[in-house]
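Please look at the sequence and the structure shown below. The text that follows goes through the model one part at a time.

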Amino acid sequence: LDNKGHNYFLSQNPYLLNSYAGFGEAYYNVFNDLKLTGGLRWTDDHKHFVDIPSEFLTAGTGYPITGVVDQEWREWTGRFAANWTPKLAFTDQTLVYASFAHGYKGGGANPPGALFAPYNKGGVASVAHPLTFAPEFINAYELGTKNTLLDGALTFNGDVFYYDYKGYQISEILDRTALNLNFDATVEGAEI
């Protein structure tokens, strides 16, 4: 395959990503058995995509660039957690925790739609794809406990959680390529 002919399916979506981040956390012991944690993160993302549609049974050779997509995002994210380690008569060690986190995942560009030569017709058909997809954001809440019992012979952990997504990124296969789409979503559950 020399990237010249149009008698095979070729999918390319080259991109360049530059991502920079700075972060920090602080801890504060309110009491001997209660610790607070706070953290912040600054993310600076730059993405450069080159659109090269695949061509199948079309005239000519090679795969010309049909466009360029430049994107950038600058986002603050962070987390807060409280850890309580009470002394209980029926456990060897106990941790009760609660946390909140705000997260981010950068968006991007979808590969361009394939170009096809229609059977017994003139011209070239192109499949329309959404050009880009947005960043994903999450607010995550969690409440849980971790316990050691019976002189270390038994561990008992449990938690409940709730995730609230804005722009959750979902991949869909369309025209032999993966497209990313955004949807709002929630996830809730419990674990023992």
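L150 counts as exposed, because its relative accessibility of 61% is over the 50% cut-off for that class. This value, like the others here, comes from a predicted model. L150 sits in the loop between strand 10 and strand 11, the latter covering residues 154–174. Its backbone is worth a look: L150 has a positive phi of about 55°, although it is not a glycine. D151 also has a positive phi of about 55° and is not a glycine either. D151 is placed in the loop between strand 10 and strand 11. With a relative accessible area of 76%, D151 is exposed.

From this loop we turn to a residue in a strand. D44 is found in strand 2. Is D44 buried or exposed? Its relative accessible area is 15%, so D44 is buried, given that buried means under 20%. What does D44 touch? Leaving aside neighbours within four places in sequence, D44 is in contact with N18, S19, Y20, W73 and R74. The side chain of D44 also has a polar contact with the side chain of H46, at 2.8 Å.

The next topic is the aromatic rings. A pair of aromatic rings is described by the distance of the centres and the angle of the planes. How many aromatic pairs are there? The count comes to eight. One of these pairs is formed by W42 and W76, with 5.2 Å from centre to centre and 50° between the planes. This pair is classed as tilted, because an angle under 30 degrees would count as stacked and one over 60 as edge-to-face. W42 lies in strand 2 (residues 34–51) and W76 in strand 4 (residues 67–84), so the pair ties together parts of the chain that are 34 residues apart in sequence. W42 is partly exposed, with a relative accessible area of 30%, while W76 is exposed, with a value of 53%.

A further aromatic pair joins F100 and Y141. The ring centres of F100 and Y141 are 5.1 Å apart, the planes make an angle of 45°, and the pair is tilted. Where in the chain do F100 and Y141 lie? F100 is in strand 5 (residues 93–105) and Y141 is in strand 10 (residues 136–149). The two residues are 41 residues apart, and the pair links distant parts of the chain. F100 counts as partly exposed at 29% relative accessibility. Y141 is partly exposed as well, with a relative accessible area of 40%. Ring pairs can also link several residues: F161, Y163, Y165 and Y168 are joined by them into a cluster.

The volume of the largest cavity is about 70 Å³. Which residues lie nearest the centre of the largest cavity? They are S11, S54, P111, P112 and T177, and they belong to a lining of 13 residues. By residue type, the lining of the largest cavity divides into six nonpolar, six polar and one charged.

Definitions and conventions:
Residues numbered from 1 in each chain as written. Predicted model: local features only at pLDDT ≥ 70, side-chain atom pairs only at ≥ 80, totals over all residues. Heavy atoms only, no water. 1 Å grid on protein atoms, 1.4 Å probe; cavity = no way out; pocket = protein on both sides within 12 Å on 5 of 7 lines; lining within 4 Å. Points joined across faces, edges and corners; volume = space filled by probe spheres on them. Nonpolar A, V, L, I, M, F, W, Y, C, P; charged D, E, K, R; others polar. Phe/Tyr/Trp six-rings, centres within 6.5 Å; stacked < 30°, edge-to-face > 60°. Helix = DSSP H or I, 4+ residues; strand = E, 2+ residues; numbered from the N terminus. Buried < 20%, exposed > 50% of the residue type's maximum accessible area, 1.4 Å probe, protein only. Polar contact = N/O pair within 3.5 Å; in protein donor to acceptor, adjacent residues only side chain to side chain. Contact = heavy atoms within 4.5 Å.
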